[in-house]
Amino acid sequence: MKELRIGQVLMEQRRQRGITQDQLAEYIGVSKAAVSKWETSTTYPDITLLPLLATFFNISIDELIGYEPQMTPSDIRHLCRELAADFSHKPFEEVMDRCREIAKKFFSCPTLLFQLGCLYVNHCQMAGQPQLVFAVLEEAIALFARVREQSDNTSLQEQALNMEALCLLELGRAQEAIELLAPPAPLRMAPDPLLAMAYQQTGHPVDATRVLQAGIYQVQVELLDMLIHYLCLCDSAQSFHETVRRILTLADCFHLESLHPGMLLTAYVHIAQAYLQWDEPENALSTLENYARLAQSDIYPLQLHGDSYFTLLDDWLEENLPLGNSPPRDVSLIQKSIVDALELPVFQVLQGNPRYQSILHTLKKEKRSSI
């Protein structure tokens, strides 16, 4: 985090121009001792002197005081990784207070505000009591709304809109989510094939390949997410089983066990829940066993990455995602959430089943051994 640097800036500007403290003091109309105190940050210049100092060095007042309303992508990435680690090791409210201070200081930096909102959503359950969790989600909504209003990046605006709707749903305010999201775009045409063609025609085949790999990766993740949500809407056993088959086929086709295990873990949990709703406990248990097997494998820290098919994806992820390939939560919190998912009310019907108890015991043991 960068604080006001007026003392350092004054010293640097003065020395670059070969100006003594006496000369600067005489121009401004203060004592040499005053200039010395400014440069050592013992005191700050009176606010009425800032325009005169900026004029003297031919710089802006923002440059003079070292104020930067925007954080660089690299700074945002480093800060958010640090905050994610803090959430797992420090008191929740202490980390939230720091996040709030950062949000106030960089309230005109939409990219940072969006990432802070995502941190709130990913860690809100740590607040404890439901009313405190809801309060954190309300804070996240305010940040996402600010991003939508202030950002001129259409992609970031869309992401903020979706995250705001997610928060509203978590708060049980579905009608507000509908009003926020509706009406949907009548037809979406992905720009990736066109951009790839343009790169090809201008002699940049690697860039063309990279664009399409990133597009295919994003579309398969979106498709899997939609299929997962479609599970609970299936109105017949045939439709439900076909949806499960397509989810697992997609996962197998794109090797999600290694490419995106976090997404596959989410799919397994939802499929198991749906099996119980269709009164198929044996299939639910088999799915949870696959879930436990994957959770125990060498997948941590669940970083996003490419593979032998998506050969150019790693650089794209690092360059285009605010957190790069890092997960939004610390590994210990991810492993805790993996166990917590099996203790949802929907799985209470399996409490007396030895297979379920074995799965739960194994995951809890795995979590303890990793701490």
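This is a predicted model: local features need pLDDT of at least 70, side-chain atom pairs count only at pLDDT 80 or more; totals for chains, interfaces and linings use all residues.
When residues up to four places away in sequence are not counted, Ile-271 touches Leu-231, Phe-240, Val-244, Ile-247, Leu-248 and Thr-287. Ile-271 also lies 7.6 Å from Ile-228, C-alpha to C-alpha, although 43 residues separate the two in sequence.

Two packed helices are described by the angle between their axes and the distance between the axes. For helix H14 (residues 237-253) and helix H16 (residues 261-277), the axes come within 11 Å and cross at roughly 165°. Angles over 145 degrees count as roughly antiparallel, and H14 and H16 are therefore roughly antiparallel to each other. The crossing of the two helices is left-handed. On the side of H14, the contact is formed by Phe-240, His-241, Val-244, Ile-247, Leu-248 and Ala-251, and on the side of H16 by Leu-264, Ala-267, Tyr-268, Ile-271, Ala-274 and Tyr-275. By residue class, this contact between H14 and H16 comprises 11 nonpolar residues and 1 polar residue, with no charged residue.

The largest nonpolar core holds 51 residues, of which Ile-247, Leu-288, Tyr-291, Leu-342, Phe-347, Tyr-356 and Leu-363 touch the most other members. Two or more residues are given to this core by each of helix H13 (205-230), H14, helix H15 (256-259), H16, helix H17 (281-295), helix H18 (313-320), helix H19 (331-341) and helix H20 (354-370). Among these elements, H16 gives the most, with 11 residues. Ile-247, once its neighbours within four places in sequence are left aside, is in contact with Leu-224, Leu-227, Ile-228, Leu-231, Ala-267 and Ile-271. A second core of 44 residues is separate and includes Phe-87, Leu-116, Leu-156 and Leu-171.

A further buried position was examined in a loop. Pro-45 is found between helix H3 (32-39) and helix H4 (50-57), and Pro-45 counts as buried because its relative accessibility is 10%. Apart from residues up to four places away in sequence, Pro-45 touches Ile-6, Trp-38, Leu-50 and Leu-53. The C-alpha atoms of Pro-45 and Val-35 are 8.3 Å apart in space, the two residues being 10 residues apart in sequence.

Technical notes
Residues are numbered from 1 along each chain as its sequence is written. Side-chain values use heavy atoms; hydrogens and water are left out. Axes are lines fitted to C-alpha atoms, for helices over the stretch in contact, and angles run from 0 to 180 degrees between N-to-C directions. Helices (H or I, at least four residues) and strands (E, at least two) are DSSP runs, numbered from the N terminus. Angles under 35 degrees count as roughly parallel, over 145 as roughly antiparallel, 65 to 115 as roughly perpendicular and the rest as oblique. A crossing is left-handed if the near helix is turned anticlockwise from the far one by less than a right angle, and right-handed if clockwise. Contact means heavy atoms within 4.5 Å. Ala, Val, Leu, Ile, Met, Phe, Trp, Tyr, Cys and Pro count as nonpolar, Asp, Glu, Lys and Arg as charged, and the others, Gly among them, as polar. A nonpolar core is a set of buried Ala, Val, Leu, Ile, Met, Phe, Trp, Tyr and Cys residues joined through side-chain atoms within 4.5 Å. Buried means under 20% relative accessible area, exposed over 50%, partly exposed in between (1.4 Å probe, protein chains only).
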